[in-house]
Amino acid sequence: MQVEVDESKCIAAGQCVLSAPEVFDQRDEDGIVVLLAERPGAELHDVVREAAGLCPAAAIRLAELVEG
Amino acid sequence: MADTLADTANEAAAPLPEYPMPRQSGCPFDPPAAMRALPAERPISRARIWDGSTPWLVTGHAEQRILFADPRVSVDEHQPGFPHQSHAMAETLDHRPLTIFNADAPEHTRFRRMLTGPFTLKRVEALRPAIQKITDDRIDAMLAGPKPADLVTALALPVPTVMITELLGVPYKDHEFFQRHGVTAVDRDATPEQSRESSTALVTYLAEAIVAKMADPAEDVLSDLAARVKAGEVTVPDAALMAVVLLIAGHETSANMIALGTLALLQQPEQLALLRDTDDPKVVAAAVEELLRYLTIAHTGQRRIALEDIEVGGEVIRAGDGIILDLPSANRDAEAFPEPQQLDLTRSARHHHAFGFGIHQCVGQLLARVELQIVYGTLYRRIPTLQLATEIEQIEFKHDRLAYGVYELPVTW
């Protein structure tokens with residue numbers, strides 16, 4: 001799984017950090033999303049999908065990679 | 001033309017429902033039955049509002065998500081055809097400046113970023129000890145005082161009010177002034193004059209406070225705003241308006257959730273027991289999400305207007321059509337929440353729309369979550385014998401307010 005975030009869309013609602021603190025953080029001054037892991041491990045895929053689904057601004061994009 | 005004739009014929013056959021619809025007596029926590037039926041029957045329909053116009057009424061959870069996230073859906077209340085909340089809101093339109101509520105991107109993004117700093121997860125988590133202390137102090141005071149007590153004034157209102165005044169950096173002793181004008185500013189039955197007077201009083205108070213913080217800054221939101229004024233990023237009136245938004249939104253909403261949630265739990269002791277008997281923060285956090293879903297206190301419909309034609313849920317919303325997104329009905333949509341009329345604190349409810357969705361989703365939602373987790377997680381454990389000191393029929397509900405709730409909640413123990 002490849003994770004991409006769009007800072008210009010992010011509204012700092014914090015839903016992603018609540019769902020997957022291992023993968024997302026917030027910038028101190030304005031709360032904008034900080035991506036901690038572009039390719040999170042398989043054990044985190046469910047929470048990352050939840051984070052993307054809950055993001056109110058659709059600022060998180062996921063691409064499923066073919067593992068090989 | 002054919003469409004117009006067909007629509008007219010339909011309207012003649014069945015008059016459009018009025019929005020908002022009254023809740024039934026007897027089930028104060030449920031949206032009106034006709035509203036609850038809509039997500040399954042017609043997730044997008046039409047309704048008639050106070051001025052006789054017939055905006056779209058969106059009740060389906062999935063359809064709401066699509067529209068909330070669509071940049072062609074605007075909050076610009078100056079667009080002709082915008083479905084205003086009330087006569088007072090329509091009347092005062094030209095006196096209302098651009099704020100986080102009525103601005104689209106990119107202005108919205110600029111406003112929003114000025115406000116988000118204090119509401120990050122880290123900053124809000126750091127407030128936990130302070131919120132816990134205020135909660136414990138208020139419960140101590142209630143236990144030491146006379147029985148019955150009013151839970152609204154004893155706990156529900158003071159906890160979020162103390163928090164938001166500390167966060168902003170205004171003295172808590174002025175809270176009666178904030179609450180009185182805050183209520184009038186958002187009361188949909190207030191006259192335009194009353195509403196303007198209260199808004200002016202609050203803006204003036206906060207503008208003076210921001211100017212004072214420019215000379216003598218502290219560690220608080222008003223000082224942050226004062227620094228932005230100094231840097232030329234924002235004017236004093238605009239900064240004061242942002243502070244008013246935070247002040248009003250920051251206490252009235254959480255206060256209603258605390259009191260209304262407690263009443264709902266007292267009616268369902270087996271659910272209340274789940275909170276009373278746990279010290280697992282995950283259980284409490286899930287319970288809070290379900291209470292947010294079940295109660296959905298923002299019950300007067302989020303107002304929008306289509307800037308272009310938008311196809312959704314088998315309908316075409318035309319450019320210039322008004323749109324109302326009714327949050328309580330989407331949160332009772334059985335497609336999104338099985339057995340939606342059940343308050344089930346163990347379900348997974350985080351995809352609820354209690355805070356809205358899209359770029360206007362509540363700025364203070366993480367603070368609200370922590371406040372509710374602490375209050376719900378503390379009150380029933382500390383007072384396991386808490387009970388209603390009156391009949392539920394005697395409770396007066398806030399049908400007339402932007403946020404649903406109760407005016408008073410007499411409790412004993």
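User: Which residues in α13(B) meet Leu291(B), Leu292(B), Tyr294(B) and Leu295(B) in α15(B)?

Analyst: This is a predicted model, in which local features need pLDDT of at least 70 and side-chain atom pairs count only at pLDDT 80 or more, while totals for chains, interfaces and linings use all residues. Residues are numbered from 1 along each chain as its sequence is written, chains are lettered from A in the order in which they are written, and side-chain values use heavy atoms, with hydrogens and water left out. With contact taken as heavy atoms within 4.5 Å, the α13(B) residues that meet those four are Met257(B), Leu260(B), Gly261(B), Ala264(B) and Leu265(B).

User: At what angle do the axes of α13 and α15 of chain B cross?

Analyst: Helices here are DSSP runs of H or I with at least four residues, strands are runs of E with at least two, and both are numbered from the N terminus. Axes are lines fitted to C-alpha atoms over the stretch in contact, with angles running from 0 to 180 degrees between N-to-C directions. Because 65 to 115 degrees counts as roughly perpendicular, that description applies to α13(B) and α15(B). The axes of α13 (residues 236-267) and α15 (residues 281-295) come within 11 Å and cross at roughly 95 degrees.

User: What radius of gyration does chain B have?

Analyst: The C-alpha trace of chain B spans about 70 × 55 × 35 Å along its principal axes. The radius is taken over C-alpha atoms, and the globule rule is 2.2 Å times the number of residues to the power 0.38. For 413 residues a compact globule would have a value near 22 Å, and chain B agrees with this at 22 Å.

User: Is Ala319(B) buried or exposed, or does it fall in between?

Analyst: Ala319(B) is found in the loop between β7 (315-317) and β8 (322-325) of chain B, and its contacts beyond four places in sequence include Glu308(B) and Asp309(B). Buried means under 20% relative accessible area and exposed over 50%, with partly exposed in between, using a 1.4 Å probe and protein chains only. At a relative accessible area of 40%, Ala319(B) is partly exposed.

User: How many disulfides are there over all chains?

Analyst: A disulfide is a pair of cysteine sulfur atoms within 2.5 Å. A search of the whole structure gives a total of 0. Cys55(A), for one, is in no disulfide, as the nearest cysteine sulfur, that of Cys16(A), is 6.6 Å away. The number of disulfides is therefore, by the cut-off of 2.5 Å, a total of 0.

Key:
Angles under 35 degrees count as roughly parallel, over 145 as roughly antiparallel, 65 to 115 as roughly perpendicular and the rest as oblique.
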